[in-house]
Structure formats: structure tokens, C-alpha cells
Amino acid sequence: MSTLIVTRRMNEHPTDSHTIDRYIATGGYEQARRAVTTLTRDELVEEVKASGLLGRGGAAFSAGLKWSFLAPERPAYLVVNGDESEPGTFKDRQLLERDPHQLVEGIIIAAYANEVHHAFVYIRGEYAKPARRLQQAVDEAYARGFLGRNVFGSGYDLELTVHLGAGAYICGEETALINSLEGKRGEPRLKPPYFPAAKGLYMKPTIVNNVETISNIPHILAMGAPRYAEVSPSPDTGTFLMSLSGHVRKPGNYEVFHGITWRELIYEVGGGIPEDRGLKAWIPGGASAPWFVPELHLDMEITKDAVAGAGSMIGSGAVIVMDEDTCVVRAAERVVRFYAHESCGQCTPCREGTTWMEMILRRIEEGQGRAIDLDLLIDVSDGISVGLNWPPKMTTICPLGPSAVSPVIALKEYFRDEVDAHVRNGGCPFPRSRAHAGVSE
Amino acid sequence: MSVWSEEVQERARAIVARYPEKRSAIMPLLYLAMSVDGYLTDEGMEEVARWVDLTPAQVLSVASFYSMYKRERTGKYLVSCCTSISCMLAGGDDVLAAMEDESGVPDGETDEEGLLTVEHVECIGSCGGAVAVQVNYELIEGVTPEKGRALVRWLKEARPEVVNTDEMQTLFGSRTSFDWAVKEEGGAVGPYPAFQPLGTVRGGDE
């Protein structure tokens, strides 16, 4: 289903893929050296544009186009977003732990291409081990002269700082991340300015790219943009890491081409559902994404456009599978609770709305639900995300609040009967304990 | 005058030197303050304020935004159980309940001795290895209610000075999100992430 690109080294050399010796022995740092010593900024931006590389952080925006928007003012900064906190997502953790030099090499190329002399990697606070692995790689790169003064003897200087977050999901939003990196509360910035590429870190031009996006850069140079663009049969070029979790026999990160169907992903790649239980629903692109159900979506091909056309998103590539014994009210409550907890509090619809939604869902689940509760839930949701569509019509600075509405869309569209049953029966008809639901046979 | 030892001040200087602007050093300095006092004290925040030329109130406004800056003393071992969606689907609520029961410590609280804090946390990026538990931010994947109880008993009895992720994974974990492949030495010594960003220094006169 794929040619391995960003996970090839860790698959072929599992015991030492994170070391600089293995990295160099497998051709590592040759592309950074070539870029810094022989290529120009324009050539590199064009190469990445031509590759068709889409950002892997959730928005799936063209990486090369983003680079080309960088305002001319200097200094400029590169910030790599390793704040991976979207429930269901654990791909960047694997890239950081198992192939950190691949990221460092990508950073050198991206920084040079954007005339950056100080780059940052922002890693979520709970990722202590991935941060240690990356810091070790950074130290080794400094020691070899791949970072610091006079990179590869070219006269180009680049500093790289690994920065640890402290437990705030919202810092994955790029302007919140920038505020956090400036030593402030991690609150998203009011727009305009619309793009960090114009005014970002310290109000200077800033590129913010995801860990997986940057990890692809050395391979685009090694393969050449035309070959990279053609490696996948899908219109979405390159490979995508998809994080599979929930009720599948083989959860994990899988590097796949887009264009396979959800059925293939869940039943072939993921091995199907434990004990052959039925499939009830899945979240296609991280907890923020509106849910899919088998009756409508199982044979859909996974591409950016197809998923968007069905009112959801490929997002961070995290797929969370729910079997037939899953209580969707409880699942919705758990997703909404996350956003209520992580709301930064700036915008009233999100701060008040998500908390209210969590309360309503909890009382339905616990048997105190009222007949009007689903309509009330939809009404509150409409106050955050007008019309309950995806992408949302925003009433808030950032998409966090509207993300909390995604499970409510599913309850409204597909599971009204199940909500009503909770209200009628005075509680949840499903087993409370799922202690063994996810364990493979 | 700094309330920190010369050694800690040396680390603080190295941290500040890694950023183009001083204020950016707040977050790593807050962790440094936690490592000195065991949690984030008022004195620690006042000291951080001096290092970055802000008022203590400004530092508090930053610290209070982030859940990992604990402004009350936690146990020597901060036991965090994920109950977000993927872990919930695999029985995260059962694991949390088992650890609360075994320790006698309700969610979000600390025992009288100051040994254990038990808390539920939102997603910690280990969804393929659900249920995920961290002790002082060192990870264990594939935890069951029974293994969660065993973890609590082990922490009470063995009282390790250094909490090592691979040791705990071997004793109390099962399925992982991906192949961890290589074991690590060392680990966490307190309820803050074991990461000392001192290896990088800015070059020359930038």
C-alpha cells in the first residue's frame, strides 16, 4: 500500500535508526550539505512546491506555497510544530524518537531555504523522551558542524533550540504556539495579521511546519520533486502517516499512500475489529474531525478532497475506531470534555459553550437527560459553529470551539435514536467497563 | 540576589542564552524552578521573574495557563492516567478507578505521606498503546486495571529514586503505539519532565 519514505530507516534499522552513525551511513545529511553548499533559496522553494508536499499538521496546506509567502523582512524564523496533542495522534512521537536526525536535516534545509538563522522545535511537555532523543541528535549535529556557525563550511549559520511545552493542546495552533514560544500564555492571536509568514515569532516573518512535513524534506531533495510527486497514485502526493487507534486489532502508525479506502485501512491495515465485533463509527482525522459511519463512508477513498467533500477532514491523520458496543454519548462526552478542558478561555462561545456541552452530555449519559437535551445541545453547538458544518463558520478566534461540535454533528445526523434511548431508559444501555475492548486477541 | 545555587544559576544562564529574547526562557526556567523546589513555589516564580525582567504577577499569569506547572506540592510520584477518547475506548476509566482504589488517592489528589498523586489527564499521544499511564512524565503503554494496581503497589514499596520508562513498561505495560526498539538509561527524578536542554548553546555574537 505504500513505499516507505519517512519510516523506512526505522523499519530497516530498528535498533539504531536514531543514531547519527546510522543516519550518515544511510545517506543522511547529504541533502542538507548539497542544499546549503550548492542550491539557492528560490531553487529550494520551487522544488518543494513542485513536490506537491501538503502540510501534515492538520490543515493540509501546500508547504512550498507557505514558504513562498514568507515576507522579505529579516530576521525570519522557522518553528517546527511538535506539539502533537490532537487526541488519536501519535505519529510525530515516533518520528522524534526513532529518526530524529531526519528531522534535523529537514530543518537545516528548510531554514536555509527560508533565510532563517534560528530555528525552534516546540515539543509538547509530556513528550520527555522524544525531546531527549531530539536534543541528543541536535547536540550531535552541532558537534559535527551541521548546526551552529558555518554549517558544512558554507558560511551559513543556524542555531536550533528544542523548546518544551507544558500541557496545553491549544499551543498546537500556530499563533498560540508562537505566543507560547515568546514566553506568554498560549492564546491564539486575533487575525489579522493572518499569517505568521508575515508577522510571526517576535512579529517577524515565521514559517511554522509540522514534524512530519519537515521530515519529508530531505527525501524530496534526494528523490527529486518529480519522482516524489509521482510516487503515490493519489492526487495527494507522498506518503501519509496515519495513526490508528481505538477498536482495531493492530493499532499503530502506518505510512500509506492516500487513495486507499477506509475499509482497507480499518480491515486490512488495522486488521479489523477485535472479536469481529461490528463497526459503529470512526473519527477520520483526529478528535476535531466530524465522524464517519460505515453505511455512508466505508468505501470512500481517503484523499484530502474526498474527505472534505463528505464534510470532514484528513486532519492530523489520526483514525479512531469505535465498535458496535461503544456508547456514542459517552464517546462524544469524552471528546467534548477534551475541548472544554483545553479551551484557552478567550472567546465566550468556546469557553462557555464547550463546558455547557460537556454538562449536557454527561447528564444524558448518567441518566438525568431530558427530552429537549439533544436539541439544546445542537442549539449551544450552533452558537459556537454556526450551521454545524465542517469547515466551520467561526464565531471564535481559532477552530478549537468548533472542533468540540464535531461529535454533536454525529449524534444529530446518525445517532439520534441512541441519545433518545438514554433519555427514555434513564441512563446508558451499554456496558460500563471496556477494560478488554481494545486488547487484541 | 538569586535564591538559586551557583549550579542552578549556571543552568539558568545557559537556558536564557538559547533564545533571541529573554522572555522566551520563561517556560524552561519554570521547569528549572520546579526542579529546585519540587513544585512551583511563589519564590520560584519570583526568581524566574528576575531572570526575564518581568513582574512575578506576569510570570504567574503565564504559569497558570499550563497544566504541567504544578503550583501545589504533588507526590514524589505524579501518576497520570489518560482517559481521553482512545484510552477511554480501551478501558482508561477502569485503569484510573483501579489506581485510585489501590492507592486510596482520589483523582487529582495526593496521599498524606506525599508519595503519590493520582490524576486523570487528557490525551498524551500514546493512543496506539492505550491505556497510557505516565509516572513523572515517563510513559507506560498498554496498562490494564490489574497492572495499574501493581504499578501503585510497586511505587509504594520499591520507591525508585529514578523512574525509568523501559523498566516500568516491562513490569506494567503491554502493547505499545510502536516498537520502542532501544532501551534508555536514566529517567525522571521528580514530577516534571526529565529534559535538561543544556546541550545547545548559541554561537558567537548573534
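Colleague: What is the secondary structure of chain B?

Modeller: In this predicted model, chain B has 8 helices and 5 strands. From the N terminus on, the order is α-α-α-α-β-α-α-β-β-β-β-α-α.

Colleague: What share of the residues in chain B is buried?

Modeller: Buried residues make up 54% of the 206. The cut-off for a buried residue is 20 or more other C-beta atoms within 10 Å of its own.

Colleague: And what share of the contacts in chain B join residues at least 24 apart?

Modeller: The share is 64%, taken among contacts between residues at least 6 apart in sequence.

Colleague: Now chain A. What makes A:Arg227 count as exposed?

Modeller: The cut-off for exposed is 12 or fewer neighbours. A:Arg227 has 12 C-beta neighbours inside 10 Å, so A:Arg227 counts as exposed. A:Arg227 sits in helix α11, residues 225-230 of chain A. A:Glu46 is 181 residues away in sequence, yet the C-alpha to C-alpha distance is 14 Å.

Colleague: Which residues of helix α4 of chain A are buried?

Modeller: In α4, residues 41-51, they are A:Leu44, A:Glu47, A:Val48 and A:Ser51.

Colleague: Why do you say that they line one face of the helix?

Modeller: Look down the axis of α4(A). The buried residues fall within an arc of 90°, so they line one face. They pack against α3 (30-38), α5 (63-68), α7 (100-113), α10 (211-223) and α11 of chain A.

Colleague: What follows α4(A)?

Modeller: A:Gly52, with a positive phi near 75°.

Colleague: Which domains does the assignment give for chain A?

Modeller: Domain 1 covers 8-230, domain 2 covers 239-323 and domain 3 covers 328-425. The C-alpha centres of domain 1 and domain 2 of chain A lie 27 Å apart.

Colleague: How many residues does the contact take from domain 1 and from domain 2 of chain A?

Modeller: Domain 1 gives 13 residues and domain 2 gives 16. On the domain 1 side, the residues divide into 4 nonpolar, 5 polar and 4 charged.

Technical notes:
Residues numbered from 1 in each chain as written. Chains lettered and ligands numbered in written order. Predicted model: local features only at pLDDT ≥ 70, side-chain atom pairs only at ≥ 80, totals over all residues. Helix = DSSP H or I, 4+ residues; strand = E, 2+ residues; numbered from the N terminus. Domains from an automatic or database assignment. Contact = placed C-beta atoms within 7 Å. Nonpolar A, V, L, I, M, F, W, Y, C, P; charged D, E, K, R; others polar. Arc of directions from axis to C-beta.
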